[in-house]
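Here's a friendly tour of one protein model and what sits around it. Have a look at the picture first, then read on.

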Amino acid sequence: MNQKLLLILFLFQLILAEDKPDAKRNFTEVCTAHGYLVEVHTVTTADNYILTLFRVPRKANQPANPNQRVAFLQHGLLDCADTWIMDLPNSPGFQMVDAGYDVWFGNSRGNYHSLGHTTLDPWKNLTYWNFTWQHMADYDIPAVIPYVLQTTGQQKLTYIGHSQGTIQMFAHLAANPSFIQNINLFIALAPIGTVRYLKIDYFRLLKRIPLFEIMQKHGAGAFLPYDKAPGLNYDFCELFAGACDDVIMLLTDLTTGNDNTEMFPTILAHEAGGTSVYNMMHWQQMTNYLVYKVQKYDYGQAENLVVYGQKEAPVYNFAKIPGPIALFFGTDDRLADPTDGAWLRGILPAKSIVYQEETLDFGHLTFVWGKNMSYWDTVIGLANQYSSSSENLFLQAD
Ligand SMILES: *[C@@H]1O[C@H](CO)[C@@H](O)[C@H](O)[C@H]1NC(C)=O
Ligand SMILES: *[C@@H]1O[C@H](CO)[C@@H](O)[C@H](O)[C@H]1NC(C)=O
Ligand SMILES: *[C@@H]1O[C@H](CO)[C@@H](O)[C@H](O)[C@H]1NC(C)=O
Ligand SMILES: *[C@@H]1O[C@H](CO)[C@@H](O)[C@H](O)[C@H]1NC(C)=O
């Protein structure tokens, strides 16, 4: 039954892809086809991962502006940079460029754009996949943000994260509060501190069935690796049809009527981005906490001692996170549940939160794939207000 559903989805994707040319274009081709300039950059992290950044500075027919404001967009779990430019004509990424920003798109380690490493081949050595979101917080963030600032010659940028793109910045700021000096404003969409009340069925089911541990025992390092099976991962889906169905539910957020279903064939052709089994295990651990906390990956006491020098995995102190931060919650979000959102709002210092809203009927992915993206006007308004390009400093000095 689930396999049938998948087959239907797949055929649907193939048929509709015919009149959805972006389904067959990759990130750079989509940009070019819609008249935007695009550059590809790579950044090597302190732990030797090579990440791909995309930069869309402006439309090809527009003049360069040396003092352009910079925005950095970071995708969420199992996603990739493409998520920000699929929802035409409302895609948040292109709207940001149209608003005058030099827009950079991050790709988390392990997604199909960012499979580089100075020595490890992801398909030959499992050690490559030995990371979770905490490594994105500890290594990816402090590599990519300074690179973008240095390349653009700006002092600060506006960071916009979705889902896992928020927890990696929260965690980095908790550990390294002075990093906020690089950020004009941190805009957090479907923000994640932890996911105790997550309502995604397969995560709940997996409290009892240790799927990720089984995958790992059988030598699987990657979870939904697009690179091995472009489109959707049918090997995985044949083996674990139930889970796969829910992954698609998670990816497509089918519960909400607010998502742009017309674009799903295009979106699915670019998804899933892929991540590590370890990362999925970390998310699974987060659903099992009995109290609210944001904790590093728990390897078990003996291994924790080796890795962290203590028996318990370290906890991030979210009460220390500096602002300015703008929070956008969705009332229908099954992953960043409103109950967990309330905890997050309460634990962040009140003075760090400069704006918050609960967007009605938004699910987890409506923030990037919505039909009605009018909330993005608020995002641009906030970004403008907190931007400190020299142009803006001049206006303020006036
Ligand atoms: C997109 O495809 C073109 C043509 O095959 C290729 O040159 C380019 O590197 C690809 N871009 C990405 C981001 O994969
Ligand atoms: C994988 O990489 C690690 C770290 O560099 C190395 O110790 C190990 O021998 C490698 N394993 C294989 C199978 O190549
Ligand atoms: C991953 O890292 C942990 C902690 O350092 C270690 O126990 C484990 O053996 C590593 N696994 C692989 C496949 O490298
Ligand atoms: C889009 O949403 C906003 C509120 O966020 C609402 O005011 C507006 O009427 C909606 N537009 C459409 C076309 O539904």
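## Around ligand 3

How do the residues of the shell around ligand 3 divide into nonpolar, polar and charged? There are three nonpolar, two polar and one charged. Keep in mind that this is a predicted model. The residues in question are Thr127, Asn130, Tyr278, Tyr299, Glu303 and Val307.

Some of these side chains put a polar atom close to an oxygen of the ligand. For Asn130 the distance to an oxygen atom of ligand 3 is 2.4 Å, for Glu303 it's 2.6 Å, and for Thr127 it's 3.3 Å. On its own, ligand 3 exposes 360 Å², and the protein buries 58% of that.

## Around ligand 2

Thr127 turns up here again: along with Leu120 and Asn125, Thr127 surrounds ligand 2. Asn125 has a polar side-chain atom 2.3 Å from an oxygen atom of ligand 2.

Now for a strand. Why can we call E7 (residues 183-189) largely enclosed by the rest of the structure? Because seven of its seven residues are buried, and buried here means under 20% relative accessible area.

E7 runs parallel to strand E6 (residues 157-162), with six bridges joining the two. To get from E6 to E7, the chain passes through helix H5 (residues 164-175), making a right-handed β-α-β crossover.

E7 also pairs with strand E10 (residues 325-330), again in the parallel sense, over four bridges. There, Ile187 has Ala326 as its bridge partner in E10.

Terms used:
Residues are numbered from 1 along each chain as its sequence is written. Chains are lettered from A and ligands numbered from 1 in the order in which they are written. This is a predicted model: local features need pLDDT of at least 70, side-chain atom pairs count only at pLDDT 80 or more; totals for chains, interfaces and linings use all residues. Side-chain values use heavy atoms; hydrogens and water are left out. A residue is near a molecule or strand if one of its heavy atoms lies within 4 Å of it. A polar contact is a pair of N or O atoms within 3.5 Å; within protein, one must be able to donate a hydrogen and the other to accept it, and residues adjacent in sequence count only if both atoms are side-chain atoms. Accessible areas come from the Shrake-Rupley method with a 1.4 Å probe; for residues, only the protein chains shown count as cover. Ala, Val, Leu, Ile, Met, Phe, Trp, Tyr, Cys and Pro count as nonpolar, Asp, Glu, Lys and Arg as charged, and the others, Gly among them, as polar. Buried means under 20% relative accessible area, exposed over 50%, partly exposed in between (1.4 Å probe, protein chains only). Two strands pair if DSSP finds at least two bridges between them. A crossover is right-handed if, with the strands pointing away from the viewer, the path from the first strand over the helix to the second runs clockwise.
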